[in-house]
Amino acid sequence: MAITEGRLIMNGLRSAVSKGKRGRMGTVETSASTRKRSKQAVKEEDTTPPVPQSSFHTFSDPADVVQLRSQLLSWYDKEKRELPEIFMFVLVWVSEIMLQQTQVATVKEYYKRWLKKWPTVQDLAAATIEEVNQMWSGLGYYSRGRRLHEGAQKVVLELKGRMPRTVDDLLKQLPGVGRYTAAAVGSIALGQVTGAVDGNVIRVLCRVRAIGADSTRPTVTEALWNLSNLLVDPERPGDFNQALMELGAQVCTPKGPLCIKCPVQSHCRSYHKEQNTAKLLDRKGSNLPDIEDCINSGACPLCPSEPWNNDLGVQNFPRKPAKKAPRVERTLTCVVTRTREEANEEFLLLQRPNKGLLAGLWEFPSLLLQEENSVEEQKKLLCNEISTTLRTCLSETLIRYVGEVVHIFSHIHQTYVVYSLCLKEQDTQTHTGKTQWLDRSALQEAAVSTGLKKVCFIRCLNVCEFLIMFSRPSFMFTILQILKLFDSADGLEDKNSKVSFYLVFQLD
């Protein structure tokens, strides 16, 4: 099956990189001393005595490196998706930033709309942060869009329109560009000979060289970058890095890896370990040693601390620490509306601070709950907040409880406790640039979060009203389809999440 998803956006850039660039390619050194590191990482490296790493976890024979490059690139040339041969620095930069922490399937439509609106760095630099937030709305990790905008303005205003030309310059000069993004953009767009290590590459390299220590530790991170730099093809660095990423996305997947289709299977220590273990288990009572182990196991900083699990096979690698449980929060939010004569219903929105979670986005009047409160107490809190915002005196009896909706951020389990309030026009004057009234069509285009759209859904008890609010011309789902979603959901909260997610994210 041809590769159509993983790194989809990047594949169209490969030919321009490989043609006419070899004369200016340079090998990029990636030393830990030249990168910003956390205090914890520095402390660990300063206090932990160095332990020689076994050649078991790398490639000691140059012939093996050459063979792996050839096998991987031959597979990539056959399986890659053919896209128009276009080359612009901004294409790689924007796509790599969007792909941070976000799947390709989600990014594709945002990427197309972004480049249609801002095809050049100059176009992006001339945009307002409000326009950028609107375009990014729903993609998550909103600081990425803001940093792209800041980077474009820096290129235009400070660098006189000249894009950085090396990996080190990318790291120093562009906000939001870290080690991986700089390496990916440098190798793909600039032809720099450097490896690029993302989540897919970590998984591939850990399995190929049986690296079982915690992949987030500084010593393991550096070993993976060194291995990536050793393997990268000097003639086709961008293609090689994309091929390695594609291998992790399409074949060497987190679960159910397709080892039988892997082009570098012959170099994979975890695959050989799995096969040899199966053979040993077939020989009952055999005490044959396992030849697929590191001779320094126990002292080697790259070997796993836990024993091999026969049931997992190659999925024994990589090893990661258990994720921290997300912080649990409950937030009061009130959908405040007003109806004006001969005008559509309008919604009150407040702009969030320019820093922190959902920076600069618009939201309904909200309050973070510090403790459990009764419904009456919650109404009073919201009434005071809205009265202060509109500089009027409102009665809490006007506020109606609607329900709750859950939204999961990467580090926060957020529950919105939703209320609604309908006001008369004389009570609805706003007094700052941080508040505004938007009708339904304007709300659809506003810079709002996915959580707000879920709140809109639960407030709109009439499903048709929600369809009108967030629909687009090509959005042709029927009430019957929505009812089927309700029937397949288990509980009210599940129904709200499923339907709102379905409606919001299937927009064309």
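Colleague: Which residues gather in a patch of negative charge on the surface?

Modeller: This is a predicted model, in which local features need pLDDT of at least 70 and side-chain atom pairs count only at pLDDT 80 or more, whereas totals for chains, interfaces and linings use all residues. Residues are numbered from 1 along each chain as its sequence is written, and side-chain values use heavy atoms, with hydrogens and water left out. A patch is made of residues with over 30% relative accessible area and no salt bridge, like charges being joined within 9 Å and nonpolar side chains (Val, Leu, Ile, Met, Phe, Trp, Tyr) within 5 Å. The negative patch on the surface consists of Glu371, Glu376, Glu377 and Glu396.

Colleague: Is Glu371 buried or exposed, and what is its relative accessible area?

Modeller: Glu371 is located in the loop between strand 4 (366–368) and helix 16 (375–390); helices (H or I, at least four residues) and strands (E, at least two) are DSSP runs, numbered from the N terminus. Buried means under 20% relative accessible area, exposed over 50%, and partly exposed in between (1.4 Å probe, protein chains only). Glu371 is therefore exposed, with a relative accessible area of 56%.

Colleague: Which backbone oxygen lies 2.9 Å from a polar atom of the side chain of Thr253?

Modeller: Thr253 belongs to the loop between helix 14 (237–250) and helix 15 (269–282), and it is buried at a relative accessible area of 16%. A polar contact is a pair of N or O atoms within 3.5 Å; within protein, one must be able to donate a hydrogen and the other to accept it, and residues adjacent in sequence count only if both atoms are side-chain atoms. The side chain of Thr253 reaches the backbone oxygen of Gly256 at 3.5 Å. The backbone oxygen at 2.9 Å is that of Lys255.

Colleague: With which side chain does the side chain of Asn200 make a polar contact?

Modeller: Asn200 is part of helix 12 (residues 199–208), and its relative accessible area of 17% makes it buried. An α-helix has 3.6 residues a turn, so residues three or four places apart point the same way. At 2.5 Å, the polar contact is with the side chain of Arg203.

Colleague: What is the omega of the peptide bond from Phe317 to Pro318?

Modeller: Pro318 sits in the loop between helix 15 and strand 1 (327–338). The bond from Phe317 to Pro318 is cis, with omega near -5 degrees.

Colleague: What is the phi of Tyr141?

Modeller: Tyr141 lies between helix 8 (129–136) and helix 9 (143–157), in the loop. With 38% relative accessibility, Tyr141 counts as partly exposed. Although Tyr141 is not a glycine, its phi is positive, at about 45 degrees.

Colleague: And what is the phi of Leu358?

Modeller: Leu358 is placed in the loop between strand 2 (346–351) and strand 3 (362–363). Its relative accessibility is 9%, so Leu358 counts as buried. Phi of this residue other than glycine is positive, near 55 degrees.

Colleague: How many residues of helix 18 are buried?

Modeller: Helix 18 spans residues 450–459 and is mostly covered. Its buried residues include Leu452, Val455, Phe457 and Ile458, and among them are also Lys453, Lys454 and Arg459.

Colleague: How far apart in the chain are Arg440 and Glu345?

Modeller: These two residues form a salt bridge, with the closest N and O atoms of Arg440 and Glu345 3.4 Å apart. The pair links distant parts of the chain, Arg440 being in helix 17 (residues 440–445) and Glu345 in the loop between strand 1 and strand 2, with a separation of 95 residues.

Terms used:
Accessible areas come from the Shrake-Rupley method with a 1.4 Å probe; for residues, only the protein chains shown count as cover. A salt bridge is a side-chain nitrogen of Lys or Arg within 4 Å of a carboxyl oxygen of Asp or Glu. Lys and Arg count as positive and Asp and Glu as negative; His and the chain ends are not counted. The place of a charge is taken as NZ of Lys, CZ of Arg, CG of Asp or CD of Glu.
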